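Welcome, and please have the model open beside you.

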Amino acid sequence: MQSAIRGVLIDVSGTVHVADKAIPGAVKALDRLRASGIPFRFCTNTTQTSGETLAKKLRGLGFNVNRDEIFTSLSACRQLVQSRQLRPMLFLEPDALQEFDGIPQSEPHDSVVVGLSPSNFSYDMMNKAFRVLAYSERTEAPATLIAIHKAKYFAEKDNGDLSMGPGGFVEALEYASGIKAHVVGKPQKAFFELAIQNMLPSSSSSSSSPTSIAMIGDDVEQDLGGGAAELGLVRFLVQTGKYRPRDEERDAHGGLSGGTFADFAAVVDHILKQNRVQD
């Protein structure tokens, strides 16, 4: 039997909404989770929009959510850029660039940051990024390549069709430049650790085992693999969004500890039922 869940990390796109529609039952399920007193954070690799824009979108879909209940890979990336005092070339859409206000971005660049930015994924822009990385051999320190995440694909907003994510573009730059990317978003262990710290007060964080923290997502690799499995989070896969039949069989970590459920509402109901049994 699973331990009582003391905190919940929730993927956004594909898990609680697809495009401009909330997944049926998700809004009320979040209300039930909030009413239970279990803390939660929306945990997203979304790199096309800022955290504030995402909060507004979720509220527009009916979700009762505050900006500080959203933890993004953009936030983690900004922390890294600031800590290393970098001057990056940013592959980001205009709204996401808001997260980097105050960060020097003029040439000469000493780094490249890649998010999901269809408007920038042209040969000319990719080649410009390659030159930043390749010509760094002439400088005192090699350039830094940062991938906000390396998702292989994502579900389109209008029809749910799958399209290429930034992962392939990141790997193209890695291959051409010989520089390995530093990945900051899901499924990196550090990302989940920061999200848990953001969700729980320091006193609660130190007393809560990762095995009492749940992660809910629709992508068995990006949401539930890597650091989520390494930390021992209780991993729940939902059959919405980018889920495809038998995705759970692709888990490379000995099987999903939480299991596979029809949707977000079904997972929440399961967690609340299990907690009542434990308590």
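Let us begin with a pair of strands: β7 (residues 111–114) runs parallel to β8, the two being joined over four bridges. Strands here are DSSP runs (E) of at least two residues and helices are runs (H or I) of at least four, numbered from the N terminus; two strands pair if DSSP finds at least two bridges between them. The model is a predicted one, in which local features need pLDDT of at least 70 and side-chain atom pairs count only at pLDDT 80 or more, while totals for chains, interfaces and linings use all residues. Residues are numbered from 1 along each chain as its sequence is written, and side-chain values use heavy atoms, with hydrogens and water left out.

**The sheet**

The four strands of this open sheet follow the order β6-β7-β8-β11, with parallel pairing. Because β6 (88–91) and β11 stand at the edges with a single partner strand each, one side of each has no neighbour in the sheet. The table lists the pairings.

| Pair | Sense | Bridges | Facing residues |
|---|---|---|---|
| β6 and β7 | parallel | four | F91 and V114 |
| β7 and β8 | parallel | four | V112 and L145 |
| β8 and β11 | parallel | two | A147 and V183 |

In a regular strand, side chains alternate between the two faces of the sheet. Strand β8 (residues 144–147) sends T144 and I146 one way and L145 and A147 the other, and all of them are buried (under 20% relative accessible area with a 1.4 Å probe and protein chains only; over 50% is exposed, and in between is partly exposed).

**Two aspartates in one loop**

Where does D223 sit? D223 lies in the loop between β12 (213–217) and α8 (227–231), and D218 belongs to the loop between β12 and α8 too. With a relative accessibility of 3%, D223 counts as buried; D218 is buried as well, at 2%.

The D223 side chain makes a polar contact with the K186 side chain at 2.8 Å, and the D223 side chain also reaches the backbone nitrogen of D218 at 3.1 Å. A polar contact is a pair of N or O atoms within 3.5 Å; within protein, one must be able to donate a hydrogen and the other to accept it, and residues adjacent in sequence count only if both atoms are side-chain atoms. D218, in turn, uses its side chain to reach the backbone nitrogen of K242 at 2.8 Å.

Contact means heavy atoms within 4.5 Å. Beyond residues up to four places away in sequence, D218 touches a set including D11, S13, D223 and K242. Leaving aside neighbours within four places, D223 is in contact with residues including D11, K186, F192 and D218.

How many cavities of 30 Å³ or more does a search of the whole structure find? There is one, and the largest cavity holds about 60 Å³ of space. Its lining is K152, Y153, D219, E221, Q222, K242 and R250.

The largest pocket has a volume of about 640 Å³. Of its 33 lining residues, S13, T46, L116, F154 and A155 are the closest to its centre. At least two lining residues come from each of β2 (17–18), α2 (51–60) and β9 (153–155).

On a 1 Å grid over the protein atoms alone, a cavity is a set of points where a 1.4 Å probe fits but cannot get out, and a pocket is an open set with protein on both sides within 12 Å along at least five of seven lines; lining residues have an atom within 4 Å of a point. Grid points are joined across faces, edges and corners, and a volume is the space filled by probe spheres set on the points.
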